[in-house]
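Here's a quick tour for anyone meeting this structure for the first time. Have a look at the picture, then read on.

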Amino acid sequence: MQTSLLQQINRLLLGILLFFSLLYLGRPFLIPVSIGLLFSILLLPVASKLEEKAFSRTAAAGTCIIGLVIIIFALSFFLTNQVIGFINDLPAIKGNLENKLDSIQDYIDDKLDMPREEQARKMDVQVSNLFQRMGNMLTTMLYSTGTLLMDFFIIALYAFFFISYRRRFKNFILKLISKKQEGKADEIFEKVANVANSYIVGVSLVVLILAACNTIALSLIGIRQALFFGVLAGLLNIIPFIGSLVGSAIPVLVLLLTRDSYSAALTAAIYFLGIQLVESYFLTPNITGNKVKLNPMATIMALMLGALVWGVAGMILFIPYLGVLKVLFDNVESLKPFGAIIGNEQDIKERRN
């Protein structure tokens with residue numbers, strides 16, 4: 001009995017190791033496929049509406065993909081222009097920072113009796129390194145944007161085929177199971193599609209609202225390229241926990257470097273703190289409807305594991321796919337314990353009722 005149990009544990013561990021090894025080694029192929037699948041789920045309701053209006057399935061899928069490509073390219077063109085503008089502003093930011101450092105040097109010289117020459121040598125090296133890294137990072141971002149646009153053609157192609165051949169995929173899975181389970185499988189398909197679509201549409205709507213609010217607030221504060229920083233903070237919110245922190249820290253840091261007083265940076269920090277509370281306790285619960293129903297521990301673990309296996313793409317993709325897995329867990333009797341351990345408090349209450 002002990003040997004049998006040990007064998008089962010070994011098989012489980014080996015299966016987990018093999019699964020994540022395949023995810024890691026196959027990421028150049030799997031990441032575009034996963035993104036394409038999410039886009040197809042997002043566009044599926046639109047494609048269905050077009051099919052109801054006498055569009056063929058291929059024409060409906062093609063129309064949706066063309067619209068998606070136009071939106072993505074317009075957003076990429078805007079962000080690229082804004083990044084270029086920010087790079088052009090770096091010399092002015094550096095000059096302002098050097099003025100601030102002069103004041104700090106005077107204070108250190110007065111309080112700590114450290115000669116300005118020694119301070120200048122140390123600070124010049126650090127400032128030069130900081131702006132060199134910042135410039136390299138932004139240049140890399142521009143290069144990565146171009147690479148992503150090339151990859152996006154493949155992603156759009158995958159999304160097109162997922163929409164066009166969705167019935168074939170569904171029939172393929174139904175043929176793998178017994179006739180008695182087809183009704184249950186059809187119900188699971190519908191739940192999975194609803195959860196994934198609700199999550200993706202909800203997150204997209206939250207991003208749009210945050211981008212608009214951020215842009216308006218930063219414009220009133222008076223930061224240059226408020227539209228860029230507002231949209232960037234909204235987009236980064238897609239990454240749970242970490243994205244909102246990074247998205248708010250960037251404009252606050254820029255305000256600290258470009259303003260003589262700290263009031264603008266403090267105002268921006270208070271705004272971002274307030275908008276994050278609104279997003280966490282009002283926007284996300286009401287717009288996404290808490291459809292994914294994952295507890296914070298499962299969310300953070302999916303976030304960290306996604307970063308480890310697929311990088312930034314994993315941080316974005318692993319959470320909705322874990323939500324889809326939870327639907328499968330909840331509807332397969334032998335897997336229900338796994339669904340319970342990653343579920344949230346609302347999910348536990350529903351199970352009790």
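This is a predicted model: local features need pLDDT of at least 70, side-chain atom pairs count only at pLDDT 80 or more; totals for chains, interfaces and linings use all residues.

Helix H2, made of residues 27-52, packs against H11 at an angle of about 50°, and the two axes lie 11 Å apart. As for handedness, the crossing of H2 past H11 is left-handed.

Who does the touching here? On the H2 side you'll find Ile31, Ser34, Ile35, Leu37 and Leu38, while H11 brings Ala313, Leu317, Pro320 and Tyr321. Sorted by class, that contact has eight nonpolar residues, one polar residue and no charged ones.

Now for another partner of H11. Helix H10 covers residues 296-310 and helix H11 covers residues 312-331; they pack at about 135°, with axes 7 Å apart. That angle makes H10 oblique to H11. The crossing of H10 and H11 is right-handed.

The list of residues in this contact goes like this: H10 gives Ala298, Thr299, Ala302, Leu303, Leu305, Gly306, Ala307, Val309 and Trp310, and H11 gives Val312, Ala313, Gly314, Met315, Leu317, Phe318, Ile319 and Leu322. By class, the contact of H10 with H11 has 14 nonpolar, three polar and no charged residues.

Here are the two pairs side by side:

| Helix pair | Angle | Axes apart | Crossing |
|---|---|---|---|
| H2 and H11 | about 50° | 11 Å | left-handed |
| H10 and H11 | about 135° | 7 Å | right-handed |

Let's move on to the space inside. How many cavities of 30 Å³ or more does the structure hold? There is one, and the largest cavity contains about 50 Å³ of space.

Which residues line the largest cavity? They are Leu210, Asn214, Ala233, Asn237, Ser244, Gly247, Ser248, Phe272, Ile275 and Gln276. Split by class, the lining of the largest cavity has four nonpolar and six polar residues, with no charged ones.

Definitions and conventions
Residues are numbered from 1 along each chain as its sequence is written. Side-chain values use heavy atoms; hydrogens and water are left out. Axes are lines fitted to C-alpha atoms, for helices over the stretch in contact, and angles run from 0 to 180 degrees between N-to-C directions. Helices (H or I, at least four residues) and strands (E, at least two) are DSSP runs, numbered from the N terminus. Angles under 35 degrees count as roughly parallel, over 145 as roughly antiparallel, 65 to 115 as roughly perpendicular and the rest as oblique. A crossing is left-handed if the near helix is turned anticlockwise from the far one by less than a right angle, and right-handed if clockwise. Contact means heavy atoms within 4.5 Å. Ala, Val, Leu, Ile, Met, Phe, Trp, Tyr, Cys and Pro count as nonpolar, Asp, Glu, Lys and Arg as charged, and the others, Gly among them, as polar. On a 1 Å grid over the protein atoms alone, a cavity is a set of points where a 1.4 Å probe fits but cannot get out, and a pocket is an open set with protein on both sides within 12 Å along at least five of seven lines; lining residues have an atom within 4 Å of a point. Grid points are joined across faces, edges and corners, and a volume is the space filled by probe spheres set on the points.
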